Amino acid sequence: MYRNIFLKTLSDGRRSMLYVGIGLFALGLYVAVLYPDISEGFAGMIDDLPEFLQGIIGDAAEFATPEGFFTTQPFTVIGPITIMALAINRGMSAVAGEEEGNTLDQLLGNPVSRTSVVIHKSMALIVSCIPPVIFLGASLVLGGLILDYTFSSSGLIQMLISLLLLGYAMGFLSLGIGAATGSKSLAMAIPSAVAAVGYVVNLLAPQVESLTFTRYISVMHYYIGDKPFINGITPWHALVLIGIAVVPLIVGLYRFNERDLNG
C-alpha cells in the first residue's frame with residue numbers, strides 16, 4: 001500500500017522509466033565510444049556538403065569537440081524525442097487517462113481534493129523524467145573515462161537541465177490539456193504537434209532569412225537553439241520553457257476544479 005498518489009503513480013510507471021533510462025544509457029555510451037573515431041571524419045564530410053545542408057547540420061569545426069559532437073548526436077534527435085514522449089505520456093495519463101479509464105471517480109472517492117491529485121501527479125511527472133536524463137549524462141561521462149577524453153562537465157549539466165525543461169514543457173502542456181478537457185487524444189495530439197512543428201521550424205528557419213523570426217515559435221529553439229552544451233543555458237530560453245509548463249498547469253488545474261466530471 002502507498003500512502004499517497006505521488007508514490008503510487010511513480011510505482012506504476014517505474015518500469016517504463018527504467019526502460020527509457022537504459023535505452024538512453026546504451027545510446028549515449030554508443031555515441032560516446034564512437035566519438036574519437038568518427039568526429040574528425042564527420043567534420044570533414046560536412047565541409048563537402050552543400051551550404052544549405054551545412055547550415056542544417058551545423059558548424060563542422062564543432063564536430064571536432066565532444067561538446068559539439070554530443071550536441072548533434074544524442075541531444076538533437078533521439079534524446080529530446082524520447083524525453084518528450086515519456087513526459088507527454090505521463091502528462092496524458094495523469095488526469096485524462098484516469099478519467100477515460102474510469103478510475104478517477106475511485107481516486108477522488110478517497111479523502112483527497114482535485115488540486116491534491118494534480119499536484120501529486122505533477123510531482124510524479126517531474127521525478128519520472130530525472131533518472132533517464134541522468135542515465136544519458138552518465139553514459140557520456142563513462143564513455144569519456146573509458147576512452148580518456150574530457151569535456152565540459154558544466155556544459156553537460158546545463159544541457160541535461162535544458163533537456164529536462166523541454167520534457168517538462170511538453171509534459172505539463174499535456175497534463176494541463178488533459179485536466180482541462182478530460183480527453184486523452186487532445187492531451188497527446190496537441191503537445192506532439194507542438195513538438196513536431198517546433199522541430200521542423202528550428203531545423204529550417206535559420207536557412208531562410210525571411211523566416212528566421214519563426215524560430216521563436218519553436219519549443220526546440222528554446223531547448224537547444226543557443227547550444228547549452230557549448231555556450232551554457234540562455235536564461236530567458238529556460239524561462240520560456242518553464243512558462244510553457246506552468247501556464248497550462250495552472251489553467252488545467254482551474255478548469256479541472258470547475259468541470260462537472262459526471263457530465
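Analyst: Happy to! A cavity here is a set of points on a 1 Å grid over the protein atoms alone where a 1.4 Å probe fits but cannot get out, and its lining residues have an atom within 4 Å of a point. Points are joined across faces, edges and corners, and the volume is the space filled by probe spheres set on them. This is a predicted model, in which local features need pLDDT of at least 70 and side-chain atom pairs count only at pLDDT 80 or more, while totals for chains, interfaces and linings use all residues. Residues are numbered from 1 along each chain as its sequence is written, and side-chain values use heavy atoms, with hydrogens and water left out.

User: What is the volume of the largest cavity?

Analyst: By this rule, one cavity reaches 30 Å³ or more. Its lining includes Ser162, His221, Tyr223, Asp226, Pro228 and His237. The volume of the largest cavity is about 40 Å³.

User: Which helix gives the largest share of the lining of the largest cavity?

Analyst: The lining residues are five nonpolar, five polar and one charged (Ala, Val, Leu, Ile, Met, Phe, Trp, Tyr, Cys and Pro count as nonpolar, Asp, Glu, Lys and Arg as charged, the others, Gly among them, as polar). Helices are DSSP runs of H or I with at least four residues, strands are E runs of at least two, and both are numbered from the N terminus. Four of the lining residues, the largest share, come from residues 219-224, which are helix α10.

User: How many helices and strands are in the chain?

Analyst: From the N terminus on, the elements run α-α-α-α-α-α-α-α-α-α-α-α. Of the 263 residues, 44% are buried, meaning under 20% relative accessible area; exposed means over 50%, and partly exposed in between (1.4 Å probe, protein chains only). The element count is 12 helices and zero strands.

User: What accessible area does the nonpolar surface patch have together?

Analyst: A patch of this kind joins nonpolar side chains (Val, Leu, Ile, Met, Phe, Trp, Tyr) within 5 Å, from residues with over 30% relative accessible area and no salt bridge. Its members include Val208, which sits in the loop between α9 (184-204) and α10 and is partly exposed because its relative accessibility is 33%. Another member, Ile242, lies in helix α12. Together, by the Shrake-Rupley method with a 1.4 Å probe and only the protein chains shown as cover, the patch has about 850 Å².

User: How far is the C-alpha atom of isoleucine 242 separated from that of alanine 169?

Analyst: Isoleucine 242 is partly exposed, with a relative accessible area of 37%. Along the chain, isoleucine 242 and alanine 169 are 73 residues apart. Their C-alpha atoms are separated by 6.4 Å.

User: Which residue forms a salt bridge with lysine 121?

Analyst: A salt bridge is a side-chain nitrogen of Lys or Arg within 4 Å of a carboxyl oxygen of Asp or Glu, and the structure holds three. For lysine 121, the closest N and O atoms are 2.7 Å apart. This pair links distant parts of the chain, helix α7 (residues 114-147) and helix α5 (residues 74-100). Lysine 121 counts as buried at 7% relative accessibility, and its partner is glutamate 98.

User: Where do lysine 8 and aspartate 12 lie?

Analyst: Their side chains meet in a salt bridge of 2.9 Å, N to O. Lysine 8 is partly exposed at 38% relative accessibility, whereas aspartate 12 is exposed at 55%. They are four residues apart, about one turn of the helix, and both lie in helix α1 (residues 5-12).

User: What value is phi of aspartate 148 near?

Analyst: Most residues other than glycine have a negative phi. Aspartate 148 lies in the loop between α7 and α8 (153-181) and counts as exposed at 71% relative accessibility. Asparagine 102, in the loop between α5 and α6 (104-108), also has a positive phi, near 60°. For aspartate 148, phi is positive and near 60°.

How values were computed: On a 1 Å grid over the protein atoms alone, a cavity is a set of points where a 1.4 Å probe fits but cannot get out, and a pocket is an open set with protein on both sides within 12 Å along at least five of seven lines; lining residues have an atom within 4 Å of a point. Patches are made of residues with over 30% relative accessible area and no salt bridge: like charges are joined within 9 Å, nonpolar side chains (Val, Leu, Ile, Met, Phe, Trp, Tyr) within 5 Å.
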